[in-house]
Amino acid sequence: MNVEETCEKIFLHYGTDPQILKAIEELGECVSELSRYLRTKDSMIMESLRWEVADACIMLTQMRFLLGPDQVDSAIHAKLARTLARMEREVITFFGE
Ligand SMILES: [Mg+2]
């Protein structure tokens, strides 16, 4: 069973509302750890940060399942394309055409 299939299985087992609450909790923990890293630049917290990023990824994969993987993927592609276009405009602005 791959990561997506495992996340789908967990989501279906626990249900929508509990997993949304869990996503809020885990994303909050990840934000806190990222903030702690920026404040301290302490390389010793990299391992705990890695675990919190993993928790966040697991919960976001479940939210992707909740919202429709194809629709979320479409939104991801649209946002990445927009960012690449902005980066291209920044290069043109900096170096000229
Ligand atoms: Mg956590």
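## Terms and basis of the model

A residue is called buried if 20 or more other C-beta atoms lie within 10 Å of its own, exposed if 12 or fewer do, and partly exposed in between, with C-beta atoms placed from the backbone. Helices (H or I, at least four residues) and strands (E, at least two) are DSSP runs, numbered from the N terminus.

The model is predicted: local features need pLDDT of at least 70, side-chain atom pairs count only at pLDDT 80 or more, and totals for chains, interfaces and linings use all residues. Residues are numbered from 1 along each chain as its sequence is written.

## Overall architecture

The protein contains 4 helices and 0 strands, and its pattern along the sequence is α-α-α-α. The C-alpha trace spans about 55 × 40 × 25 Å along the principal axes. The radius of gyration is 18 Å, whereas a compact globule of 97 residues would have a value near 13 Å. This radius is taken over C-alpha atoms, and the globule rule is 2.2 Å times the number of residues to the power 0.38.

Of the 97 residues, 12% count as buried. Two residues are in contact if their C-beta atoms, placed from the backbone, lie within 7 Å. Among contacts with a separation of 6 or more, 66% join residues 24 or more positions apart.

Helix H2 (residues 16-40) has 25 residues, and the distance from its first C-alpha to its last is 36 Å, close to the expected 36 Å at 1.5 Å a residue. The expected span of a helix is 1.5 Å times one less than its number of residues. The buried residues of H2 are Gln19, Ala23, Glu26, Cys30 and Glu33, and their cover includes H1 and H3.

Lysine 41 follows H2 and is found in the loop between H2 and H3. Although lysine 41 is not a glycine, its phi is positive, at about 50°. Most residues other than glycine have a negative phi. Lysine 41 counts as exposed because it has 8 C-beta neighbours inside 10 Å.

## Helix H3

H3 has 22 residues and reaches 31 Å between its first and last C-alpha atoms, close to the 32 Å expected at 1.5 Å a residue. Its buried residues are Glu52, Met59, Thr61, Gln62 and Arg64. The cover over the buried residues of H3 includes H1, H2 and H4. Glycine 68, with a positive phi near 100°, follows this helix.

Alanine 56 also lies in H3. This alanine counts as partly exposed because it has 19 C-beta neighbours inside 10 Å. Apart from neighbours within four places in sequence, alanine 56 is in contact with Glu26, Leu27 and Cys30. The C-alpha atoms of alanine 56 and threonine 83 are separated by 22 Å, the two residues being 27 residues apart along the chain.

Two packed helices are described by the angle between their axes and the distance between the axes. Axes are lines fitted to C-alpha atoms, for helices over the stretch in contact, and angles run from 0 to 180 degrees between N-to-C directions. Angles under 35 degrees count as roughly parallel, over 145 as roughly antiparallel, 65 to 115 as roughly perpendicular and the rest as oblique.

Helix H1 (residues 3-14) packs with helix H3 (residues 46-67) at an angle of about 75°, the axes being 9 Å apart; H1 and H3 are therefore roughly perpendicular to each other. Val3, Glu4, Cys7, Glu8, Ile10 and Phe11 of H1 meet Ile58, Thr61, Gln62, Phe65 and Leu66 of H3. The residues of this contact comprise 7 nonpolar, 2 polar and 2 charged. Ala, Val, Leu, Ile, Met, Phe, Trp, Tyr, Cys and Pro count as nonpolar, Asp, Glu, Lys and Arg as charged, and the others, Gly among them, as polar.

The axes of H3 and H4 come within 6 Å and cross at roughly 110°, so these two helices are likewise roughly perpendicular to each other. Arg64, Phe65 and Leu67 of H3 make the contact with Pro69, Gln71 and Val72 of H4. Here the residues divide into 4 nonpolar, 1 polar and 1 charged.

## Helix H4

The 27 residues of helix H4 (residues 69-95) should span 39 Å at 1.5 Å a residue, and the end C-alpha atoms are 39 Å apart, which agrees. H4 is hardly covered, with 0 buried residues among its 27. Glycine 96, whose phi is positive and near 80°, follows H4.

Proline 69 is placed in H4 and counts as partly exposed, with 13 C-beta neighbours inside 10 Å. Its C-alpha atom is separated by 14 Å from that of threonine 6, 63 residues apart along the chain.
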